[in-house]
Amino acid sequence: MSRLVVAGVKKRFGATLALDGVELHAEAGEVHAVLGENGAGKSTLMKILAGALRLDSGRILLDARPFDVRGPIAARDAGVAMVYQEPLLCPHLSVEDNVLLGLEPVATGVFVDRREARRRTDAALALVEAPGESRRLEPTTLVGKLSPSERQLVALARALAQSECRVLILDEPTSSLPADDAERLFEVVGGLKRRGICILYISHFLEEVERIADRYTVLRDGQSVASGTMGDTTLDRLVELMAGRRVEQVFTRSERTPGEPIVRIEELAGERLPRSATLTLHRGEVLGIAGLLGSGRTELLRAVFGLDEVRSGKVRVGAFVGPASPARRLAEGVGMLSEDRKQEGLAESLSLTDNLTLSRLDGLGPFGVVLPRRAQAVTRSFIERLRIRCRDPEQPARDLSGGNQQKLALARLLYHDVDVYLLDEPTRGIDVASRADVYGVIDALAARGKAVLLVSSYLPELLGVCDRVAVMRRGRLGPVHAAGDVTEHGLLVEATGAAG
Amino acid sequence: MNLSSLKPWLQKPWLGPLVALIATYALFVALTPDTFARGINLVTMARQTAVVGVTAVGMTLVMVHGGIDLSVGSSVALTTVVIARALESGLGPGAAALAGVAVAVAAGVINGSLVNWLKITPFIVTLGTMSVLRGAAKGIADEQKVDADPQGLDAWMAVVPPERSFQLVPWGVWLLLFVAALAAALVNYTKLGRHIVATGSNVLTARLCGVPVPRVTVIVYGLGGLACGLAGLLEFATLTVGDPTDSIGLELEVIAAVVIGGGSLAGGQGSVVGTLLGAALLTVIKTGSTHVGLPNWVQEIATGVIIVVAMGVDRLRQRRQ
């Protein structure tokens, strides 16, 4: 009998069927890779296993017993623990306090039993020590002082510290680690496997999956489409399974003629990401950037726009060279759409009008005066032009649906009338109709001689709207391809580093 | 008039404090109709609101911007001392007033700069300058009240003489209304005002939209300082001495006025009109309690309860929307 059996699991969020009958069998003492593109349903499935979500229908068996828990604590008591992509730790507490947070052994009613606590911490830390490792984690060190990979290990130890761990879920554990630290993590995972723990391993890096996984299950559009033994398949085949059928999508692309170069980026490196990026963006073109989450695409746009520090390299906009502030960039005609609509893209408590006119308040009245009537007239014209669904221009941006919020954020750039559009995931999480509207806007911009740099995780979109595409991988931007010369498969291979 | 045309008015942030003010006023009129309802009492209350009101208008800008300024009480006291010392040294009343206000503006600009460059939260920065400015005031005053001939500055807050009854209230009260009108216009109808609101609402969005956040911060705290300076001038006009131990605890009353008026400690929200109403409400409670004969300690409890209740009611109202 398998350690973990997932049978016919379904989960619906509103109108979206996130999981549509998922099957998964994982054994004790194996590393089982869960593969799929963004939005395939991996996270939803893992959250159900970790107790953060409840399934709508279907069955989960853990060691032949029904696994039906409410909440992450109950899941961990039952023996299923999860380590998230960004470890959730308290930086001001020590390693020991983090490992035992919420599980502190108590003596005489109120006091933490320090000796027992240390014993358990040491036991948990021993599990995550790579064999032959000389440096080890000290229980008393503050977590804030640890490196990302050490934090990853603390999070692992924390997952293992509770009751006997039977299933351990690792979500993109290496995405923020440099190569040698990833190596160390693989050894730790190998050790856990030999102890008979079943490890569900989620990663976009296929070469890494090939190295440490024994078996795999591929999810696509909420369904499990294939599973098998790692040795019996090829990375090419896995990529094919993940990408699957081509999703039909109406992309607008009119005749475009690329003009003069408008932005030149040379060997640009940020504080952490990107490590190195070189490209030239022309008027009248849409240049796409593909890559995995955390590969440094967003950071590239932020560095170009002056939101993040630039460590080295050059950004040349027109005649101006060098780093700059967002205000300076806007004055030069460069605007950016943030990937994070809610936290950064919009001031949600402010009105549509305030959000739309914030970057360009001049010209709405004499001497820096802003006449509400004029600002509202501007807003109304964009509401009409982009078909933004709303009650009136003075309602808070928070009230709008995701698609309409995105249109509002885009409208701000259109109103500012920039020449260079840095668009970060402009269609993330928005409905198909809004999506088509956004594509229409992008196409019209390029046709009018504006330049668009488009970051997207959605490959059909990149191939559908871009003239040229480049792939970012672990902070480095690859060569720029003509969109006609590449396939989704090719981009996925380049992004994941699977030898094509 | 149908309901839908009323709706925009029902959503105004100052509606709550306005209702509270009218209700409280009506309550005290009912309790002590002989004394409280007299016109002269209205004038007295307006006078008593001037200093808190002017300071609170400045604080409204600071809090809408997402900050806070705990040093306002010290700044007001320092201004009275500087004005007194300046008069003492032979400067004319205009120059002395200017000197006092300039010192307060400088203190505000320093607050803003520290918030910017040290990246310390405004609460901590102004907690520090609260002590620094208080100390400076005591030092300049040699730790005692500074007596100086006010040379007419006291007229700002003096009871209006009968021959100028058209003036209704002392100039200081008119100054409060003038400052409030300017600040309200600034917030609602200028580029700077929109930048202040946007920064308080979401500083990341403001940065993304090219708002020069550091510059806006310095200007906002500078304007807060200007308000303290003007309030200090009115305070000197009331006391006619420079008093380094004056206005201790003023910051709490001022913050209460802003918060009652719809301001939020989280920034992005606040209304100058609401703040004025909040300041007036505090005065009405104080004066009314005195008229009714409630001891001081009961007034303090009542004030505290009303602040918390006002906030609770406002929360409920917002959640309903």
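**Exercise 1. The interface of chain B and chain A**

How many salt bridges does the rule find across the interface of chain B and chain A? Characterise this interface by area, contacts and contributing elements.

*Solution.* The model is predicted, so local features need pLDDT of at least 70, side-chain atom pairs count only at pLDDT 80 or more, and totals for chains, interfaces and linings use all residues. Residues are numbered from 1 along each chain as its sequence is written, chains are lettered from A in the order in which they are written, and side-chain values use heavy atoms, with hydrogens and water left out.

Step 1. The rule finds two salt bridges across the interface of chain B and chain A, where a salt bridge is a side-chain nitrogen of Lys or Arg within 4 Å of a carboxyl oxygen of Asp or Glu. Lys191(B) and Asp362(A) meet through their side chains in a salt bridge at 3.0 Å, N to O.

Step 2. On the chain B side, two or more residues each come from helix H7 (171–189), helix H8 (191–201) and helix H9 (203–208) of chain B. Helices (H or I, at least four residues) and strands (E, at least two) are DSSP runs, numbered from the N terminus. H8(B) gives the most, with six residues. By class, the side of chain B that touches chain A has eight nonpolar, seven polar and three charged residues; Ala, Val, Leu, Ile, Met, Phe, Trp, Tyr, Cys and Pro count as nonpolar, Asp, Glu, Lys and Arg as charged, and the others, Gly among them, as polar.

Step 3. The contact (heavy atoms within 4.5 Å) takes 18 residues from chain B and 26 residues from chain A. Together the chains bury about 1800 Å², 62% of it on carbon and sulfur atoms; buried area is the accessible area (1.4 Å probe) that two parts lose on being put together, summed over both. Lys191(B), Leu208(B) and Cys209(B) supply 34% of the area that chain B buries against chain A, more than any other three residues.

**Exercise 2. The two domains of chain A**

Step 1. The contact takes 14 residues from domain 1 and twelve residues from domain 2 of chain A. The area buried between these domains is about 1200 Å², and carbon and sulfur atoms give 54% of it.

Step 2. Two salt bridges are counted between the domains. Arg474(A) and Glu208(A) meet in a salt bridge at 3.8 Å, N to O. On the domain 1 side, helix H7 (206–212) and helix H8 (235–243) of chain A each supply at least two residues, and H8(A) provides the largest share, four residues.

**Exercise 3. Local backbone geometry**

Which peptide bond is cis, and which residue other than glycine has a positive phi?

*Solution.* Step 1. The peptide bond from Leu273(A) to Pro274(A) is cis, with omega near -10°. Pro274(A) is found in the loop between strand E13 (261–270) and strand E14 (277–282) of chain A.

Step 1. Glu172(A) has a positive phi, near 45°, and lies in the loop between strand E9 (167–171) and helix H6 (179–194) of chain A.
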